[in-house]
Amino acid sequence: ELEASFGRKHAFLIFAFTTGLREGMESIIFLIGVISDFKDPSYMSSLPIPIITALILSRIVGCIFFQGTKKMRVEHFMR
């Protein structure tokens, strides 16, 4: 019974995590495709800045969204 309640309690968390992981992998594959088209290697040195900025901003927005919706009642959406 303890394992069943854990699965029910964290099912949406696991779903959200796997969805985010899938989208992240898709973004990485897209970036690899875009990067491989450039002939000038000097462009590669400026790529980590937007990638790191995007990671930091997505983390901040995700935390704000999570904190803002933590106490939201979901019974209205689960009819």
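Predicted model: local features only at pLDDT ≥ 70, side-chain atom pairs only at ≥ 80, totals over all residues.
Me: Which helix holds Phe17?
Reply: The protein chain has 2 helices and 0 strands. Helices (H or I, at least four residues) and strands (E, at least two) are DSSP runs, numbered from the N terminus. Phe17 falls within residues 2-36, which is helix 1.

Me: Which residues make the nonpolar surface patch of about 540 Å²?
Reply: Patch members have over 30% relative accessible area and no salt bridge, with nonpolar side chains (Val, Leu, Ile, Met, Phe, Trp, Tyr) joined within 5 Å and like charges within 9 Å. Areas come from the Shrake-Rupley method with a 1.4 Å probe, and for residues only the protein chains shown count as cover. Ile28, in helix 1, is partly exposed at 46%. The patch is made by Phe17, Leu21, Met25, Ile28 and Ile32.

Me: What is the volume of the largest pocket?
Reply: A pocket is an open set of points on a 1 Å grid over the protein atoms alone, where a 1.4 Å probe fits, with protein on both sides within 12 Å along at least five of seven lines; lining residues have an atom within 4 Å of a point. Points are joined across faces, edges and corners, and the volume is the space filled by probe spheres set on them. Among the 31 lining residues, Leu13, Ala16, Phe17, Gly62 and Phe65 lie nearest the centre. The volume is about 1,600 Å³.

Me: Which helix supplies the largest share of that lining?
Reply: Helix 1 and helix 2 (48-69) each supply at least two residues. The largest share, 13 residues, comes from helix 1.

Me: Which residue forms a salt bridge with Glu23?
Reply: Side chains of opposite charge can pair when their charged atoms come close. A salt bridge is a side-chain nitrogen of Lys or Arg within 4 Å of a carboxyl oxygen of Asp or Glu, and the structure holds 1. The closest N and O atoms are 2.9 Å apart, and the partner of Glu23 is Arg22.

Note on methods. Residues numbered from 1 in each chain as written. Heavy atoms only, no water. Buried < 20%, exposed > 50% of the residue type's maximum accessible area, 1.4 Å probe, protein only.
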